[in-house]
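Please open the structure in your viewer and keep the selection tool at hand. This tour goes from one selection to the next and says what is there.

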Amino acid sequence: MIGYGPRAPRVDWPGGARVAISLVLNYEEGGENCLLHGDAQSEAFLADIAGAAQWPGQRHWNMESIYEYGARAGFWRLHDLFTQRALPVTIYGVATALARNPEQVKAMKDAGWDIASHGLKWVEHRDMPEAEERAQITEAIRLHTEVVGEPPRGWYTGRCSVNTVALTAETGQLDWISDTYDDDLPYWLEVGERDQLVIPYTLEANDMRFATAPGWVTGQDFGQYLIDSYETLLAEGGRMFSIGLHNRLIGRPGKIAGLIRFLDHVAAKGGAWFATRSQIADFWAATYPNQRYERPSRMDRATFVAKYGSIFEHSPWIAERAHGLELGPAHDTAVGLHNALARMFRSASAEERLGVLRAHPDLAGKLAQAKRLTAESTNEQASAGLDALTDDERTRFTQLNTAYVEKHGFPFIIAVRDNTKASILQAFETRIAHDTDTEFATACRQVERIAEIRLMDLLP
């Protein structure tokens, strides 16, 4: 659930465009459930039949006819629209559907469209055994290559299982996969040794909602939603806009009118880069290649403690306890891991937290002079010039340190890298007068801040 967070790149798309638009045309006609295809039931998904249900052991003539409309009429209407405007299109092609529609495949190729794989058959995969799905992915790529003349560069199953993303990534054959809906930008997924590019898709800027409830009623509904989405993304800048289309749905005259209004709006407004998903993948791989780093959530206990045991000064027990939490990708950043470590510090007993405070050295004290500070403390004190005090400054720090410890029972703690030598002395003068309970709470907050700063040196 972490995504880019506050680290999202401000993308400059080719030509100075503010939005990359990916037009996706799903080609499923001929790959759907049908007894003629060896399936046990008819199709029931994404068609203009209210309350459609699968008919076990029977053909559904009306459903077959609606799918046929997509191939016979809808595809060619969309083909004319996109080729007349010279718009690049990505095809999500079900392999068996492509095999049954050679004229449409030739038209796609002649138009230079990006033909990605949409799986072997347009069927549900949610209950499919992993081995069977793996075999179907392999066969889909083989058949696609045979029918199209080259292998697919991208993949989208759609009616996927929990295994689909991992299985398609593990093939090592795909430049991009799209079985996610979780971002407005591409991102990298690390699957073993492979850096797999993911280009998220959409189920909302999608004509499928003509066949679902709630959904679109008129073409104008769909077109206005696309326009509103585009205007928002244009204002934000540096985002991607996927649009999902189906021959048998948007290919109908009243529905395509809304799409045409949207395309006219973008042409008049400007600011868009229409691109295939493979073009987006090429741009992203060249401009934002994956940067691997050692992720805390993947470390074993010993490695984790060795790496982060000193984040809270001389208190490795905090890292030991944090490793037992439900660590995941959200904890692979400085903010995320800090939260996990701070939770263990906050939930510790007062005596344990006091031990952490007492583990911190005096500022510019004897340990610093003797070069016996931890590497982290040495760098922090040097950042504020505490390693180069005048004799008068050192005397004053010594006096304050002694008085503070005598009063409160632990050293004065402050996040040095947030301060200057002057502001540290001022805080020292102010805080020494506080009662011990106030100073204990203040020191604990400063300990957490020091840990956060240290983690920022190690993690994004």
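Begin by selecting helix H15 (375-383) and helix H18 (436-456), each of which supplies at least two residues of the lining of the largest cavity; helices (H or I, at least four residues) and strands (E, at least two) are DSSP runs, numbered from the N terminus. The model is a predicted one, in which local features need pLDDT of at least 70 and side-chain atom pairs count only at pLDDT 80 or more, while totals for chains, interfaces and linings use all residues. Residues are numbered from 1 along each chain as its sequence is written, and side-chain values use heavy atoms, with hydrogens and water left out.

On a 1 Å grid over the protein atoms alone, a cavity is a set of points where a 1.4 Å probe fits but cannot get out, a pocket is an open set with protein on both sides within 12 Å along at least five of seven lines, and lining residues have an atom within 4 Å of a point. The volume of the largest cavity is about 150 Å³, where a volume is the space filled by probe spheres set on the points, and grid points are joined across faces, edges and corners.

Next, select Gly119, Leu120, His125, Glu133, Gln136, Ile137, Trp155 and Thr157, which line the second largest cavity, a space of about 40 Å³. Helix H4 (residues 130-148) gives the largest share of this lining, with three residues.

Then move to the largest pocket, with a volume of about 950 Å³, and select Gly3, Tyr4, Tyr187, Trp188 and Arg295, which of its 25 lining residues lie nearest its centre. Strand E6 (residues 187-191) gives the most to this lining, namely four residues.

Finally, select helix H1 (residues 61-84) and helix H8 (residues 253-269), which pack at an angle of about 20° with their axes 12 Å apart; axes are lines fitted to C-alpha atoms, for helices over the stretch in contact, and angles run from 0 to 180 degrees between N-to-C directions. That angle makes H1 roughly parallel to H8, a term for angles under 35 degrees. To see where they touch, show Tyr69, Arg77, Leu78, Leu81 and Phe82 in H1, which meet Pro253, Ile256, Leu259, Ile260 and Leu263 in H8, contact meaning heavy atoms within 4.5 Å.

Definitions and conventions:
Angles under 35 degrees count as roughly parallel, over 145 as roughly antiparallel, 65 to 115 as roughly perpendicular and the rest as oblique.
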